[in-house]
Amino acid sequence: LAAEQIDGVALAIYQIEHGGALIIGDQTGVGKGRQAAAIIRYAVLNGKKPIFVTEKPHLFSDLYRDLNAIGSGGLNPLIINDKSNSSDPTITDEEGNVIYKSPQPGVKKSILDSMQIPKNYDYAVITYSQLSAGEGKVSRKKDYFRSVANNNIVVMDESHNAGGEGNTNAYLLDILPTTKGVVFLSGTFAKRPENIPIYS
């Protein structure tokens, strides 16, 4: 980590340990992902199974590469997203080699039904799209996220996606106060006034 990244991680840890949150608003290329990886490493070392939320499934691979760069590539992720014709959450390295896959449907169902992150996983990854179903729609993943986020550490990459007045924003506004701490990452976190309430 560079000096600025170390400062960001230290500030995030301080906030987490005091039940708060931190916005890392660095612009593109400064290294928000490396700081996110460091927070996940910190959380695991402190007995948590943190949750990484981001915009697109391919960013799971970016997180893995950042974890690998800080010596934590061996941490085993629970990929909550499912593979489909239009979306592939498979985690690959720089050469395109498959490192981690989403569990098979039957295994995934058992995990979601358990409302826990199993012992063989160190952290979980999910995209905002999995948390956007409207009121009244059945969403096992939303119920699961609510359960595993409680008293846990949540890292919200591209956190501007949680802003606004949509279903995702309302859902997360209800859940984030139940966590142990939150780290928001976005170079455009305050680009619109309606983005701000999620950080409260």
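**Exercise 1.** How are helix 1 and helix 2 placed relative to each other, oblique or roughly parallel?

*Solution.* Step 1: the axes of helix 1 (residues 3-17) and helix 2 come within 9 Å and cross at roughly 40°. Axes here are lines fitted to C-alpha atoms, for helices over the stretch in contact, with angles from 0 to 180 degrees between N-to-C directions. Helices are DSSP runs (H or I, at least four residues), numbered from the N terminus. The model is predicted, so local features need pLDDT of at least 70 and side-chain atom pairs count only at pLDDT 80 or more, while totals for chains, interfaces and linings use all residues. Residues are numbered from 1 along each chain as its sequence is written, and side-chain values use heavy atoms, with hydrogens and water left out.

Step 2: helix 1 and helix 2 are therefore oblique. Angles under 35 degrees count as roughly parallel, over 145 as roughly antiparallel, 65 to 115 as roughly perpendicular, and the rest as oblique.

Step 3: the crossing of helix 1 and helix 2 is right-handed. A crossing is right-handed if the near helix is turned clockwise from the far one by less than a right angle, and left-handed if anticlockwise.

Step 4: from helix 1, the contact (heavy atoms within 4.5 Å) includes Gly 8, Ala 12 and Ile 16. Among the partners in helix 2 are Ala 38, Ile 39 and Tyr 42. By class, this contact of helix 1 with helix 2 has seven nonpolar, three polar and three charged residues. Ala, Val, Leu, Ile, Met, Phe, Trp, Tyr, Cys and Pro count as nonpolar, Asp, Glu, Lys and Arg as charged, and the others, Gly among them, as polar.

**Exercise 2.** At roughly what angle do the axes of helix 2 and helix 3 cross?

*Solution.* Step 1: these axes of helix 2 and helix 3 cross at roughly 70° and come within 8 Å. That makes helix 2 roughly perpendicular to helix 3.

Step 2: helix 2 passes helix 3 in a right-handed crossing. Gly 33, Arg 34, Ala 37 and Ile 40 of helix 2 make the contact with Leu 63, Asp 66, Leu 67 and Ala 69 of helix 3. The residues of this contact divide into five nonpolar, one polar and two charged.

**Exercise 3.** Is the crossing of helix 4 and helix 5 left-handed or right-handed?

*Solution.* Step 1: the axes of helix 4 (residues 105-114) and helix 5 (residues 140-149) come within 8 Å and cross at roughly 50°. Helix 4 and helix 5 are therefore oblique to each other.

Step 2: helix 4 passes helix 5 in a left-handed crossing.

Step 3: Lys 109, Ile 111, Leu 112 and Asp 113 in helix 4 meet Arg 140, Lys 141 and Tyr 144 in helix 5. The classes in this contact of helix 4 with helix 5 are three nonpolar, no polar and four charged residues.

Note on methods: Helices (H or I, at least four residues) and strands (E, at least two) are DSSP runs, numbered from the N terminus.
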